Amino acid sequence: MEMGALPMELWRLILAYLPLPDLGRCCQVCRAWRELVLSLDATRWRQLCLGCLECRHPNWPRLPNLEPPSWREALRQHSLARRTWAQNVPELQSSACITLFRRRKDRRVWRVGTGPGCDFETLRGALTVAGPYDRVALQPGLYEEQAEVSLKVPVEIVGMGKLGDVALLVSFDQQCPTARLCNLVLMPAWFSPVVYKTSAGHVQLDNCNFEGAQMQVRGPGTCQARFCSFAQGASAHFLGVALSLMDSCEFSGSDTASVTVEGPPVTERNWACKHLAALVKTMTTNSMAITPTNTNLKEGIVNTLSMALPPVGPTSMETWISQETEKVGGMTGGEGALLHQGIVQEHGWSEGDLKKDDKEGGPTKRPDPTYTLSYEAHGLAHLWEHEDVSEAQEPMLRSLVEELQADADAQMLVATVHGCVLRHCLLRDGKGGVHMCNHAHARLEANVFTRLHYAVRCIQNAKMVMLGNEVSGCRASGVFLRLSAQGVIAENNIHSNAEAGLDIRKGANPIILCNRIHSGLRSGIVVLGNGKGLIRSNQIYGNKEAGVYILFNGNPVVSGNHIFQGQAAGIAVNENGRGLITDNVIRENQWGGADIRRGGDPILRNNFICYGYSDGVVVGERGRGLIEGNHIYGNNGCGVWVMSSSLPQLLGNYITHNRMYGLALFCRKDPEPGIGREGAERGAERDGDRGGVGGENLNEEGELSVWENDIDSEDERVSARRSISVALVESNCMSHNGAEGVYVKTCESVNIVGNMVGENRGVGVAVLQSTQLTRLVANCIRGNAHSGVTVAKECRVELRGNGVYDNGGHGVSYCGDGLIVENDIVGNRCSGIRATDSADVKVLRNRVQAGLGCGICIEEQVRGLVQDNLVFQGHLSSPTPQIQLDSQNLECVLLNNTLLSPALHGSSCPDPDWALENPPPRPHGNDSSGSSSSFHSTNLAIAVTTRITASVESGCHSNGSIFCTVL
């Protein structure tokens, strides 16, 4: 018949009445007919799929209202899956193979019930006469067996009518190679809670309900369950299984774990393993092709609300600088600068005093550029060249495919770990989801875990692969790993859990890739109790506590993650936690981007820590660690906040564009940090647990644990690091910060060596409290809005080998006790060196050129010695002398100083000797390769610290003095 004889609408209406076999025959007529039949997907194919009594909606139970991409394909998959249980027919042991096929084709149907046409009234009676692969059809009703029912031949037991019309109170013991149960409600008999068990054969369960019952599968037995419901405390137990599949099942109301997988997979395999392996391989290939951006479109893993995109993207550097400029009135200080708002006021000293001194020099006018000494060739110029941060340099998140290509171990785990496979299941409203223990293997793909006590627990050397799941609303941690558990956890959406999203402890070592871990009521990831793990390319955001929290000898690798918009710290390392934290973007967190305290000793390397609402890095009491090569910028607080009694190593960091200090060092007993915070309350928060997890329950279900008794051997990443006895901060660039570049208010010795401190809106280096010796060695301090170095009263400070250039106030404003030796102090707006307020200082062998003020200014009541200095004349029209000593000062001695004025040679050129030569401009460096070339400087600092250790007295706390070396 020609198709053009009728309109297409009528053809579709006619074909909509055909049964399934006739639709198949129509598809074989021609291509046009095939396309016509396929066009009935949303009508006839949908009707046939939903009308099948042996299956449910293709997206049940997770998204029963979401239509599949193709109803015809869904029906096809249903039809193929229902035949799996009988795939072993050619392999049955029999001498009459032809007879077997004939018997399979002509198998009998035994009807059980009390109505007309029924062959038996009881299930046991039908099973006694049923042959291999016969069907037992149960009519609607309740069937109860008083003893265990053994299945000795392959058989198919099917309930007629709708699901729920046929209920069995029974306990099956499968002893045959294969069996199938379909459309049944299974409840436990009075004598056993187990309704079905198999230890060697394969069982297929389609569209069954388990109510208050248990199913047990013991290897080498296998199970394939589809569209089954486990309710009222029902659960599934797998013991030593090599491969089993739970597809599109629902678990609810369990008193224990809904699914328990125990024991290593047995080496023996039954006939069904190869068929299940092919099916799992196909599913895994499809899952690996799904990216985070199209997951809910292709797989429908979770609903639209839970898969909402992360909050609005971060502020760019240009936008942030523009906003800060509007807030404080420009990038060069002025009336809007933080210092001029009275923020820095300690013990009666304020930078406002310097403002008055600046005005005394007359109108703002720099020295004639013809006579200005050049200093650009100093040894730290390489730090200044790379201080600007471009957002293009921030590491991008890698996809799961890229991660697996780069990690052979993860790739092998994904390819080889099967065991019990759960796919497209819903686990809700119970105590536990999936529990794996004792070397068990399991694979979880595209499941939804919600409103459970915990979603997944993997312990005792178990291995799992967890791909594309949603874990939310758990009353404890979402995913829990301990006791040397391993596995791959990738592309999951883990959110809104009462405790940590992932809890890793006691030697567990998972690989965590490309997940979204957010909106938790505690931390995103907690690693403790010698837990390890590789945490890479995850988005961790919006958690109420730390995004990643490491403590009690936890030692993970945290690499390439984006950790942002948390309500506490981005990463917190406390209580002897360790870890290698590299190449992460940590931004827009409420507290410190990284918070290290109480014995925390991580390696924090090459991270971007930016746009935080507080400080970039906080090293609290007893904090340690190597902080190297990080870009710390755009934070509303300090770039790095270091408390006394901590012992960090800061090497080669770029600390720029922070609203307050670049680096702040404070005494831990000081109640008021003095940087415009809300007083002692904010200081208490810094030294408390706000950066960590607060009151997080770190014990499993509340039990007490003594973590100190569970300590592994020292990790190679930590043992390879050189041991130090003082804190080191070396080769850092601290520039364009809103207040001081370096702020020191501590009662312990401090060494500041080899840093670039420039273009900050306050003083370059401000020492407000230093009862023990503070050393500034080989730093470049240039272009700051106010003085280069300021030393307050009663501070003991030594300046040696620094270059102090082109600052907006005095080069060095000195009110304390100590030495100023062999520095180059050139081009500063006011005096080069200004000593006042009863200072006791020796000024030796410096090269000084002032702007409008004196080269060296010694005021009344200053004691000391000014000797062997080379003082270059500044502006020719300046009325101030090159060295000025107060006429009433009788306690300061001037000896053997050289005063130089430019000797012109015709064309307004100064004398050739008018330059910083022999030696060249300070500070001196041995190469310009950045932080990695700091060996010489580090050895210098260690030697310096060793020399002064013996003479330094103990500080303000009972633990004695701990030196802080800033290199």
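Let's start with a cysteine: C638 has 0% relative accessibility, and because buried means under 20%, C638 counts as buried. Keep in mind that this is a predicted model. The protein has 967 residues, and 60% of them are buried.

**The big picture**
- In terms of secondary structure, the protein has 17 helices and 76 strands.
- Take the contacts with a separation of 6 or more: 55% of them are between residues 24 or more positions apart.
- The protein exposes about 37,400 Å², and 51% of that comes from carbon and sulfur atoms.

**Cysteines**
- How many disulfides does a search of the whole structure find? The search comes back with zero.
- C26, for instance, is in no disulfide. The nearest cysteine sulfur belongs to C27 and is 7.2 Å away, whereas a disulfide needs the two sulfur atoms within 2.5 Å.
- Is C26 buried or exposed? C26 has 12% relative accessibility, which is under the 20% cut-off, so C26 counts as buried.

**A look around V826**
- You'll find V826 in strand β66, which covers residues 824–828.
- V826 has a relative accessibility of 1%, so this valine counts as buried too.
- Which residues does V826 touch, leaving aside those up to four places away in sequence? The list is L373, V804, Y805, D806, R847, Q849 and L916.
- Q849 from that list sits 23 residues from V826 in sequence, yet their C-alpha atoms are 4.5 Å apart in space.

**The second largest pocket**
- Which element supplies the largest share of the lining? That's α5, with six residues.
- By type, the lining residues of this pocket divide into 10 nonpolar, nine charged and four polar.

How values were computed: Residues numbered from 1 in each chain as written. Predicted model: local features only at pLDDT ≥ 70, side-chain atom pairs only at ≥ 80, totals over all residues. Heavy atoms only, no water. Buried < 20%, exposed > 50% of the residue type's maximum accessible area, 1.4 Å probe, protein only. Helix = DSSP H or I, 4+ residues; strand = E, 2+ residues; numbered from the N terminus. Contact = heavy atoms within 4.5 Å. Areas by Shrake-Rupley, 256 points an atom, 1.4 Å probe, with all protein chains shown as cover. Nonpolar A, V, L, I, M, F, W, Y, C, P; charged D, E, K, R; others polar.
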